[in-house]
Amino acid sequence: MEFPAAEKFGIVSQMQRAAYSIPSNISEGCGRDSDKEFARYLVIAKGSASELEYFLLLSKDLKYLNEKDYDALFDIVNQVKRSLYNLINKIK
C-alpha cells in the first residue's frame with residue numbers, strides 16, 4: 001500500500017480511527033449491564049466497519065490501494081460486519 005504523505009492525517013487517520021473503534025465499542029458494550037445496551041454498541045461497531053469499508057473503496061478509487069490489496073481488506077472487513085450482524089441478531 002502506498003498512501004501519499006499528505007494523507008497521513010487524512011484518509012489514513014480516518015481508517016485507523018474507524019478500525020480502532022470496532023473492538024473498542026465491542027469491549028465497551030461487554031461492560032454494559034444489559035444485552036440491549038451491548039447490542040447498541042455492536043451496532044456502533046458495525047457502523048465503524050462500514051466507515052472503514054468506505055475508506056477502503058475511496059483509497060482504491062484514488063489509486064492508493066491496488067485491486068488485490070483492496071479485495072483482501074474488503075473481505076476481512078465484510079467478515080467482521082457479518083460476524084457483528086450475526087451476534088447482534090443472537091442477542092436481540
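**Exercise 1. Find where helix 1 bends, and state by how much.**

Solution. Helices are DSSP runs of H or I with at least four residues, strands are E runs of at least two, and both are numbered from the N terminus. The bend at a residue is the angle between axes fitted to the seven residues ending there and the seven starting there. At S21, helix 1 bends by about 25°. A proline, P23, follows within four residues.

This is a predicted model, in which local features need pLDDT of at least 70, side-chain atom pairs count only at pLDDT 80 or more, and totals for chains, interfaces and linings use all residues. Residues are numbered from 1 along each chain as its sequence is written, and side-chain values use heavy atoms, with hydrogens and water left out.

**Exercise 2. Compare the spans of helix 1 and helix 2 with the expected values.**

Solution. The expected span is 1.5 Å times one less than the number of residues. Helix 1 covers residues 11–30, which is 20 residues, so it should span 28 Å. Its end C-alpha atoms are 29 Å apart, which agrees. Helix 2 has 27 residues, and 39 Å is expected. From first to last C-alpha it reaches 39 Å.

**Exercise 3. List the buried residues of helix 1 and say what they pack against.**

Solution. Buried means under 20% relative accessible area, exposed over 50%, and partly exposed in between (1.4 Å probe, protein chains only). In helix 1 the buried residues are I11, S13, M15, A18, S21, I22, N25 and G29. The partners of the buried residues are helix 2 (35–61) and helix 3 (67–91).

**Exercise 4. Decide whether E53 is buried or exposed, and name its contacts.**

Solution. First, E53 lies in helix 2. Next, its relative accessible area is 16%, so E53 is buried. Contact means heavy atoms within 4.5 Å. Leaving aside neighbours within four places in sequence, E53 is in contact with F74, V77, N78 and K81. The buried residues of helix 2, including F38, L42, L52 and F55, pack against helix 1 and helix 3.

**Exercise 5. Describe the whole protein by its elements and its extent.**

Solution. Count the elements: there are 3 helices and 0 strands. From the N terminus on, they run α-α-α. Along its principal axes the C-alpha trace spans about 45 × 25 × 15 Å. Of the 92 residues, 34% count as buried. Among contacts between residues at least 6 apart in sequence, 65% join residues at least 24 apart.
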